Amino acid sequence: MTKLRHYNGNPQKNSPALGATLAFLGVNGLLALLHGSQGCSSFIRLQLSRHYKEPIPLNSTALLEESVIFGGWDHLKKGIAVAADKYKPQIIGVMSSGLTETYGDDMVSALASLRLERPDLEDLPVVLASTPDYIGSMQEGYQRTVEALLMTLAGQTNKTKSLGLADSNDAPSVALLPGCHLTPGDVDELKEIVKSFGYRVITVPDLSISLDGHAELEAAPVVQGGTLIEEFQRLPECKACFSFGQSMEKAGEFLKKTYQIPHFNIPSLTGLTATDTFILTLAKISGKTIPERLLRQRSRLLDTLADYHDQLGGQKIAIALEMDLLYSLGSCLVEVGSEISVALSASQGSGNTLSLPFPVEVGDLEMLEERAADCDLIIANSNGRQAAGMLKVPHLRAGLPVFDRAGYPQKRWIGYEGTQQFLFDMLNSLS
Amino acid sequence: MFTNLTKLDLKDKECMSDAGSPKLCMKALPGEGAERSCAYDGARVVLMPITDVAHLVHGPIACAGNSWDNRGARSSGSQLYRRGLTTDIMENDVIYGGEIKLKKSILEIAARHNPKAIFVYATCVSSLIGDDVEKVCREAEAELTIPVIAVNCPGFLGDKNIGNRIAGEVLYDRVIGSAAGSDEKIPLSINLIGEYNIAGDLWGVLPDLKNLGITLQTAITGDAKFDDLRSAHRASLNVLICSKSLTNLVRKMEIRYGIPFMEGSFYGIHDTSETLVKIAKALGDPDLVERTLVYVQKKEEETRKTIAGYKKLLENKQAILFTGGVKTWSMVSTLAELGINILAGGTQNSTPEDFQRMKELMDPSAQIIEDTSSAGFLKIIAEKKPDLIVAGGKTKYLAHKTRTPFLDINHGRKLPYAGYQGMITFAETLARTVLSPVWGHLKREFPPREGELDD
């Protein structure tokens, strides 16, 4: 990967703490607390709320100059206590920032010390995620936070409540760990597909019922919808675990190692072969036949591929996305005969071992502008609009943030139907 | 390295002990959820609308990556200011320091983008690892033909207001008065300070100034060109539109360049007229005063006639108002113009004077919102059950969850609300929001309770 410039021009990267916030937003009753200065959380709230058109519950430990000198340890303790007292969340999710990671606040000891001082908060689960702003992008922050959520909450029994949820007559459960490349609409679709094989699902985090944009019965300043704390407790009972996106592999491996649950990593769910692989795996482990509905969707996709093969083939496409999404959409495009002439990922992506039939570089949207001039289509987040406008190349919005197109969070890009829709969107953008 | 706060004119204000008043001198409580953002944000709000310069953020991705090109400040010319430029500090930079990367970035940006100047913003992490941004800027400037200006605004210095002040200091020290040409005053010319041309607000006011024969030297900083800012000291009058956080700037300009200043607002019919007349008087031209008085009367009548229909639709509606800066009080009279009553009002990032002025203008029965967090906001909506909420975009989607009509009046909006034309747009938009048929659907129970089916 060649480093052409020393600055990042028109970044496509989001901060890791934003990814952390996103993961926390998929957990019911949670209040996220960013250990940093107030701007860190303000920017994340703004960015996520213009993407999802939703309120974003995220508080801050509001660090100031003296905490920079004396450390933010006390601030963190106070922040957790104030958030717990004022908002009465079921869970508090804390993430660090560039500021606190640079001077090295020990979040674990701060929490331990708070628990000693405030025995009444002993039962309040607090999840600590380390997300320094200077390592990785949204994907890395999200990944670390999902791992932290599982390590802290999975299998923990709540002292005050007995479980009693799983009945032996109930359908077997599987755990789903969707990556941050999936929209709430995608997660919804994913759950439906898995349920159609006779499973109950536990989804961590579950954005499909928190950030899907629904009218709440009553507005609240903590996360509404998302994975229930009881579902975390039931994770060890799962018969299998599926993680989606390569970034989620480690989280899945954690469940596998800890609870001896078979784990399958599904790097992509967009495209015919990617979906086939997933569906065949589901059919195999469930011992059930593939539902008629899915076969019908598949045959519709095949027909679409045939009908439009000529327009799909030979298109020169520039993609700039976070790694998992780049892999998903990129491999689907190659599968239909398009040519990926530029592929820029927001960050390195951790431990990326998948091979793609085109070179991928870490790059910003200024690089996209420099390279995509003779492309037929740009696929990037809304911030790609400057490059697309300047080059007069059509621009299909994908990733985050998408703030200038309606309905993005509800959009589906996965499965046979989502793939078909993605190809339609692509073709419609071209004309 | 760190900005000396005593230099920033903070000392000239007493802390307000009044409930709900802006906590200029008070620290935010960790975890409470008040949303006051940081000094870096405050500095970028003031400086980033300058159109033909490059804005380079020396920090990790959290500072620029989450926020670039996200404000509605518009430009009639260069789009360079909308570019997100950052050194994107990484782990290795934290360990080894980021000065070399910063300097190379400055030189590369100068070569690629050909800016009139480069503003370099220091952030929490760059300050903490001890990067001397000012020194690097000086060094880079020596190799270039354009100014390279350090803005020392790490977020931990405080909230947005402090950042506004730092930006004012930077403009005063490094930009204003640095033009090579004449220093002579331009007659009947003004600067509009704190006007950021959000959604094109400035363009709504310019025709009125032009019709009256008043020249705009520059707005600080909406749709501003760097060279016009450099000559800002040639204006005859400074008009402070928004955010008294730039009071430091106008005071210093008065001392150094002898430019008097006044405050004003272009939100609402009453405030627009009052401001135009005050400008005319302050410019000291009897002819101008006379034609302004005639002009504003004519415009007021025209505007009132146009919005009469909307007023009829909105009259006696009950509102909650939550905003900052000059809009705090200016919006009170704007809503009053449409016959809307204010049930409760709150503010953030305003000065104590703005807050006091809002209080005086509101009905004494109106409640002051003390808890400005989302929890406090929801509580007051539940208590007051307003017909509409007028606030900044941050609360928009929360308000929608309460199924209450909401109008965004801050930087996220798409339509200009300033001046007479802006008042018409405001009334139009507000009526469309409040009278939208969707609120009825949102409040209807489904499935209907038994016995209600035939209603």
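Helices (H or I, at least four residues) and strands (E, at least two) are DSSP runs, numbered from the N terminus. The model is a predicted one, in which local features need pLDDT of at least 70 and side-chain atom pairs count only at pLDDT 80 or more, while totals for chains, interfaces and linings use all residues. Residues are numbered from 1 along each chain as its sequence is written, and chains are lettered from A and ligands numbered from 1 in the order in which they are written.

**Exercise 1.** Locate Asn114(B) and state whether Asn114(B) is buried or exposed.

*Solution.* Begin with the chain: Asn114(B) sits in the loop between helix H4 (99-113) and strand E3 (118-122) of chain B. Next, take the backbone, where phi of Asn114(B) is near 50°, a positive value in a residue other than glycine. Most residues other than glycine have a negative phi. Finally, Asn114(B) counts as exposed because it has 11 C-beta neighbours inside 10 Å, given that a residue is buried if 20 or more other C-beta atoms lie within 10 Å of its own, exposed if 12 or fewer, and partly exposed in between, with C-beta atoms placed from the backbone.

**Exercise 2.** Describe the peptide bond from Phe446(B) to Pro447(B) and the position of Pro447(B).

*Solution.* This bond is cis, with omega near -5°, and Pro447(B) lies in the segment after helix H18 (438-443) of chain B.
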